[in-house]
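Hi,

Here is the structure I promised to pass on. Have a look at it first, and my notes follow below.

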Amino acid sequence: MALQSLDIAQRSATTTPAPSVRQTSEVAKLIDVSACIGCKACQAACMEWNDIRDEIGSNVGAYDNPADLSARSWTVMRYAEVEENGRLEWLIRKDGCMHCADPGCLKACPAPGAIVQYANGIVDFHEENCIGCGYCITGCPFNVPRISKQDGKAYKCTLCSDRVAVGQAPACVKSCPTGALQFGAKEQMKDYAEHRVADLKSRGFEKAGLYDPPGVGGTHVMYVLHHADRPELYRGLPSDPSISAMVHLWKGVAKPLATVALAAVALGSLFHYVTRGPNEVSKELEDELEKEEGQ
Amino acid sequence: MTNHWVDIKNADLVLVMGGNAAEAHPCGFKWVVEAKKQRKARLVVVDPRFTRSASVADYYAPLRSGSDIAFLGGVINYLLANDKLHHDYVKAYTNASFLIDEGYSFDDGIFSGYDAAKRSYAKDTWKYQLDKEGYAKTDPTLQDPHCVFQLMKRHYGRYTPELVGKVTGTPKEQFLKVCALIAETAAPNKTMTICYALGWTQHSVGTQNIRTMAMIQLLLGNMGMAGGGINALRGHSNVQGITDMCAYSDALPGYMSAPTDADADYKAYLEKRTPKPLRPNQMNFPQNFPKWFVSLMKAWYGPAANEKNNFAYDWLPKKDGAYDVLAMFERMHQGKMNGFVCQGFNPLAAVPNKKKVGDALAKLKYLVIVDPLTTETSEFWKDHGEFNTADASKIQTEVFRLPCNLFAEETGSYTNSGRVIQWHWQAAEGPGESVSDTEVVARIFQKLKAMYQKDGGKLPEPILNLTWPYRIPSKPAPEELLMEISGKALGDVFDPKDKTKVIAKAGEQLAGFAQLRDDGSTACGNWIYGGCYSQAGNLTARRDNADPSGLGQTLNWGFAWPANRRIIYNRASCDPAGKPWDASRSVIKWLGDKWGGNDVPDMRPDAAPDEGVGPFIMTPEGVARLFAPALAEGPFPEHYEPFETPLDKNPFHPGNAKALNNPAARVYKGDMEVFGKAKDYPYVGTTYRLTEHYHFWSKHVAINAVLQPEQFVEIGEELAKEKGIAGGDRVKVSSMRGHIKAVAVVTKRIKALDVDGKKVHTIGIPIHWGFKGLAKPGFIANTLTPFVGDANSQTPEFKAFLVNIEKA
């Protein structure tokens with residue numbers, strides 16, 4: 001990865017303290033839903049930059065294509081037709097990793113170094129360390145990571161950490177024709193969002209606002225919403241996302257056991273022990289996981 | 001565009017109607033967003049569907065496809081009835097005060113001079129009253145009952161909000177809200193820009209749709225202003241360029257009208273196209289027609305075109321009938337064509353009534369396809385199951401495929417919608433045996449010439465004498481071609497004011513079309529591009545984005561035709577005294593001794609305001625035409641129903657069957673018979689494009705195929721419920737001419753409209769699918785569409801026709 005080890009602020013299943021010599025400011029991508037026309041240039045740019053191509057799918061009766069996030073589609077547009085006060089609105093939200101300040105995926109991840117958070121706020125998957133357990137999916141309040149059918153590893157948006165590391169904006173931002181996607185220091189993005197919110201209010205969207213949910217410590221991907229009071233209108237954007245209680249338990253009570261388990265992983269006897277072993281808490285976690293997979 | 005892309009940011013109101021800019025022009029649409037963000041502009045969208053543009057609009061109103069003139073005529077009536085006009089502008093810069101022939105009339109949908117048998121008009125009453133000197137008479141008080149203003153008031157007085165609603169289906173309060181927003185821009189310091197595209201052109205009244213809007217912009221004083229204008233957003237990335245070069249049958253490069261059988265000789269041809277001024281002191285710029293024409297002939301024939309042979313006039317083909325795309329396929333269908341060269345064109349997919357097109361192609365002896373991709377047309381003869389049922393054993397057409405380069409594989413120029421010609425450089429070598437289109441044409445030409453040289457033949461001169469001065473004859477360089485298009489001095493060119501002064505020496509590139517001569521001393525391949533490659537070099541390759549005015553007038557970026565002017569009619573951005581109507585958006589102004597400012601003035605540089613030279617220099621009267629006799633179906637736009645209409649009468653003329661559809665539109669025998677009726681095909685079908693795809697090309701590209709993999713149609717929830725169709729179901733959509741099958745997208749964004757007491761549903765049909773490419777194979781949408789076009793341009797009526805739908 002292009003970001004260096006001295007930029008790593010957190011690492012999954014690792015107790016070694018993070019380096020702190022270099023001071024980095026936090027970055028953020030701002031998605032101004034009110035200026036988004038749903039053209040999917042961001043999806044195309046994501047495929048091109050990351051050199052991944054999803055399957056040529058089907059039309060499922062909507063503009064959404066691919067119909068969902070996948071190991072090869074790290075961002076998708078979600079289209080919602082909403083009627084508010086007799087007025088039709090077509091709300092189009094770019095979905096993908098939110099890069100939480102307090103990342104549930106990283107917390108849940110039992111594989112050392114499979115998930116890292118950089119000091120600039122980007123949460124990145126290092127697939128070479130991924131054991132494919134899917135706990136990151138359970139840990140994610142936004143239902144973002146996806147396991148590849150090809151190699152069994154988890155994938156999601158990297159916020160183009162490789163581009164950001166060399167001073168470039170993420171590919172999606174670079175490609176956005178209307179300026180609905182902006183990228184910069186998080187504080188700067190919040191200032192910009194304030195202007196956009198004021199403009200929306202002047203156009204009759206009284207509840208316009210910034211989506212930067214505190215339940216996950218804020219995010220490094222933020223939305224400007226016309227209806228910030230009801231994020232669920234935007235195809236189920238959670239109104240108050242937080243990390244699952246299961247993950248907290250896992251990281252709290254079961255942590256010592258997890259460490260044992262991870263030693264086993266390192267030896268190659270794998271997560272069978274973690275999931276089938278004598279740990280009641282992780283059994284519950286497993287159940288929840290199966291439930292999710294079944295959906 | 002009269003204005004340009006960046007200028008959209010200067011608008012106070014952006015109207016998107018007859019197009020879907022966010023969908024089809026997402027990159028240009030950034031300037032709409034910019035106007036909203038920086039200027040607090042409002043965006044209004046009027047469309048049969050709640051589109052991607054509508055998703056970011058401040059206000060949306062629906063209308064029935066094919067009823068735009070009713071809507072816009074209603075806006076004119078609103079502006080006149082509520083006195084929301086830019087009065088000084090209308091008086092000074094339009095023909096509102098001009099008196100019209102007393103014989104002119106309009107009676108129940110038909111203008112004076114109609115010949116029902118010929119489906120055309122004699123226009124002898126659609127003209128100005130002239131005085132002894134041959135100038136048009138005017139009434140500056142606008143009171144004379146024969147003045148344009150009064151005639152217009154009478155004509156559009158019928159377009160009441162009630163009747164408009166009855167025809168368009170637009171709820172009255174929504175219509176009035178749009179009127180009120182538009183009317184605000186009558187203030188001299190407010191402008192509206194209108195972004196339209198094929199949603200206006202692809203109707204049997206397409207040209208008049210646009211003219212109605214032009215009238216509105218004139219009444220509001222928005223023409224020539226920064227943030228104003230009439231802005232056609234062109235589709236294909238160089239379709240503006242192809243229009244400018246006039247690769248059409250009825251025009252020569254630079255929109256010069258081509259000779260026809262009716263032009264007896266060279267002199268008569270020129271006289272007919274060189275108008276006399278209709279008001280005193282006007283520039284009457286088309287009076288220069290002979291200079292443009294002679295220079296074109298010199299560019300084509302060099303020394304072989306000279307005064308002795310009328311500059312080779314006799315070698316030009318004289319049109320003996322229509323040769324537009326519909327006319328061509330009609331001829332082919334009648335078996336009157338042997339061969340067809342099809343370059344950068346996929347007619348099986350792009351021309352209406354696929355069955356007729358396929359049958360027509362099967363009657364050819366040979367078909368040559370020049371294309372970078374495998375087009376459906378090149379396999380019209382091959383069976384592709386239900387997508388293309390064909391029996392190759394019964395088709396004798398020999399098909400040749402000549403692979404050519406894609407845009408990124410060659411150097412050349414693009415002309416964008418804003419008339420800015422921009423040079424581009426080759427990025428990659430083409431694969432395999434592909435060569436540039438230029439090389440394909442050059443090599444065919446050389447072969448033909450050799451054959452004529454060897455074997456003779458009928459009238460070989462036009463081929464044998466064509467000048468071909470390129471360094472490598474089989475590969476004319478793009479730079480050589482641009483230099484030829486731009487123009488050069490063949491002999492010394494003298495200053496008309498001082499005959500001893502040479503302004504361009506023989507062999508030099510010319511500075512612009514003002515230096516063209518009709519004596520054979522200049523050559524120019526396209527007068528409107530004059531000066532784009534001057535002695536200073538290739539100006540289209542400039543990339544200086546300095547914008548000192550902040551208006552986006554980047555005069556050193558590329559080269560805009562004409563004369564590097566970014567906003568045409570910009571003299572009209574000033575009052576008659578030469579002062580800008582809006583000083584904060586000053587385009588040009590009178591500087592005391594000359595015109596100048598932030599653009600190239602669209603005016604003789606030293607024409608003092610008190611000379612009264614009108615800003616619309618391309619008309620012999622110097623003003624813009626609210627009453628315009630040039631179009632086929634009338635001097636004022638009138639609402640006519642599409643050829644396939646859900647109504648049985650035109651609500652404006654319920655008693656006159658002749659006025660149901662465009663009375664001047666051409667309909668071929670056999671096509672009228674396959675127009676559907678509402679009792680069999682009750683729904684309005686309309687075709688369109690999607691952001692994810694580019695015509696029939698991008699289905700060959702993996703990324704685009706991933707983003708929109710499979711053919712679909714869009715229907716409203718109410719109709720879906722009625723028909724028991726759920727989103728994701730497969731449906732069959734049929735018209736009189738055939739059927740397609742696709743996935744149904746059920747949406748709130750298409751609503752049933754109440755039209756003349758009848759509920760009218762619309763079915764949206766994206767066009768991008770076919771049987772070649774990476775995306776899932778699909779049906780050609782133009783299987784459904786009717787073979788009829790606009791009465792002036794013959795652009796097919798793709799936007800409004802009748803269909804039925806059922807679960808497949």
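Chain B has an open sheet of three strands in the order 15-16-23, with antiparallel pairing; strands are DSSP runs of E, at least two residues long, and helices are runs of H or I, at least four long, numbered from the N terminus, and two strands pair if DSSP finds at least two bridges between them. Strand 15 (412–415) and strand 23 (559–560) of chain B are the edges, each pairing on one side only. Strand 15 of chain B joins strand 16 (residues 420–424) of chain B through four bridges, and Gly412(B) has His424(B) as its bridge partner.

This is a predicted model, in which local features need pLDDT of at least 70 and side-chain atom pairs count only at pLDDT 80 or more, while totals for chains, interfaces and linings use all residues. Residues are numbered from 1 along each chain as its sequence is written, and chains are lettered from A and ligands numbered from 1 in the order in which they are written.

Where do the chains meet? In chain B, 36 residues are in contact (C-beta atoms, placed from the backbone, within 7 Å) with 32 residues of chain A. Helix 2 (30–39), helix 19 (702–707) and strand 29 (738–747) of chain B each supply at least two residues of that side.

A word of caution on chain A: its mean pLDDT (the predictor's confidence in each residue, from 0 to 100) is 89, but pLDDT stays under 50 over residues 268–281 of chain A. Where pLDDT is low, the predicted coordinates should not be read in detail.

Best wishes

Terms used
Contact = placed C-beta atoms within 7 Å.
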